[in-house]
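Work through the following exercises with the coordinates open. Each task is followed by a solution in steps.

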Amino acid sequence: MFPLLEAPASLINTLAHQLPFLVFPLIFSSVIAGQYFLVVRVLIIPASLIGSAVLEVFKNKAQEDFANNGNCTPIFIRTGVALLAIGSLPAIILLFFAPNLFSFVFGQEWSKAGEYAQILTPLAWVQFVASPLSYVLVFREKLWLDLRLQAVFLFLVITALFVGAELASVEASLRLLVGAGMLFYSAQIYFSYKASRG
């Protein structure tokens with residue numbers, strides 16, 4: 001049963017994250033798609049590497065605590081608070097200075113990517129927190145729930161891209177994607193917390 005549920009959930013999640021790369025060149029331009037790609041590389045990939053390292057520690061401790069105590073809520077909360085703290089300073093810097101930073105590091109022609117980074121920073125921050133914590137849904141075998149959450153996320157992403165295309169606005173598309181992602185990752189955190197309580 002595990003592969004039958006986990007594989008589609010992973011596929012849907014991957015599709016939801018990759019759709020903007022496929023759609024932006026079609027509804028806007030390859031230049032905008034390139035700027036978006038740079039933002040994702042700068043924001044998401046480093047966060048994913050740190051999150052993966054945190055996950056390795058968290059999943060072992062969470063499983064151990066659950067086996068011994070029937071819940072893993074204390075380590076869940078400590079890990080969540082630590083991830084929030086780790087992500088706070090980079091998020092604040094990007095929220096205020098991303099266009100200047102992108103222009104300084106990558107050149108003036110990438111300042112627009114810095115504006116996109118400002119918009120996407122809250123999403124990157126909540127994703128950074130939620131991704132390791134959502135492992136609780138896996139080891140607590142809440143796979144049907146996870147699959148449903150992923151399906152809703154994909155629907156929200158498609159809706160955000162459709163509305164953004166109708167408005168012919170990159171910024172609107174990005175803000176709608178941020179809203180979709182914030183809803184999804186907040187729900188992941190909430191249901192993961194509930195699962196951590198046993």
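A salt bridge is here a side-chain nitrogen of Lys or Arg within 4 Å of a carboxyl oxygen of Asp or Glu. The model is predicted.

**Exercise 1. Salt bridges**

Task: Find how many salt bridges the rule gives, and describe the pairing of Glu56 with Lys59, of Asp65 with Lys61 and of Glu115 with Lys112.

Solution. 

Step 1. Side chains of opposite charge can pair when their charged atoms come close. Applying the cut-off of 4 Å between nitrogen and carboxyl oxygen gives a count of four salt bridges.

Step 2. Take Glu56 and Lys59. Their side chains meet in a salt bridge with an N to O distance of 3.5 Å. Both belong to helix α2 (residues 30-69), and because they are three residues apart there, about one helical turn separates them. Glu56 has 42% relative accessibility and so counts as partly exposed. Lys59, at 22%, is also classed as partly exposed.

Step 3. Take Asp65 and Lys61. The closest N and O atoms of this salt bridge are 3.2 Å apart. The two residues are four apart in helix α2, which means a separation of about one helical turn. Asp65 counts as buried because its relative accessibility is 9%, whereas Lys61 is partly exposed at 31%.

Step 4. Take Glu115 and Lys112. Their side chains form a salt bridge at 3.1 Å, N to O. In helix α4 they are three residues apart, so about one helical turn lies between them. Glu115 is partly exposed with 32% relative accessibility, and Lys112 is partly exposed with 31%.

Step 5. Look for links beyond a single pair. Lys112, Glu115 and Glu171 are joined in a network of salt bridges.

**Exercise 2. The nonpolar core**

Task: In the largest nonpolar core, identify which residues touch the most other members, and state which helix gives the most to this core.

Solution. 

Step 1. The largest nonpolar core has 57 residues, and those touching the most other members are Phe24, Val39, Leu120 and Leu174.

Step 2. Assign the core to helices. At least two of its residues come from each of α1 (2-27), α2, α3, α4, α5 (135-139), α6 (143-167) and α7. The helix that gives the most is α4, with twelve residues.

Step 3. Examine Leu174 in detail. With neighbours within four places in sequence left aside, the contacts of Leu174 are Phe24, Tyr36, Tyr116, Ile119 and Leu120.

**Exercise 3. A nonpolar surface patch**

Task: Which residues form a nonpolar patch on the surface, and in which helix does Phe97 lie?

Solution. 

Step 1. The members of the patch are Leu89, Ile92, Ile93, Leu95, Phe96, Phe97 and Leu101. Together they have about 660 Å² of accessible area.

Step 2. Phe97 lies in helix α3 (residues 73-106). With 47% relative accessibility, Phe97 is classed as partly exposed; the limit for exposed is over 50%.

Step 3. Connect this patch with Exercise 3. Leu95 is a patch member, and Leu95 is also among the residues that Thr121 touches.

Key: Residues are numbered from 1 along each chain as its sequence is written. This is a predicted model: local features need pLDDT of at least 70, side-chain atom pairs count only at pLDDT 80 or more; totals for chains, interfaces and linings use all residues. Side-chain values use heavy atoms; hydrogens and water are left out. Patches are made of residues with over 30% relative accessible area and no salt bridge: like charges are joined within 9 Å, nonpolar side chains (Val, Leu, Ile, Met, Phe, Trp, Tyr) within 5 Å. Accessible areas come from the Shrake-Rupley method with a 1.4 Å probe; for residues, only the protein chains shown count as cover. Buried means under 20% relative accessible area, exposed over 50%, partly exposed in between (1.4 Å probe, protein chains only). Contact means heavy atoms within 4.5 Å. A nonpolar core is a set of buried Ala, Val, Leu, Ile, Met, Phe, Trp, Tyr and Cys residues joined through side-chain atoms within 4.5 Å.
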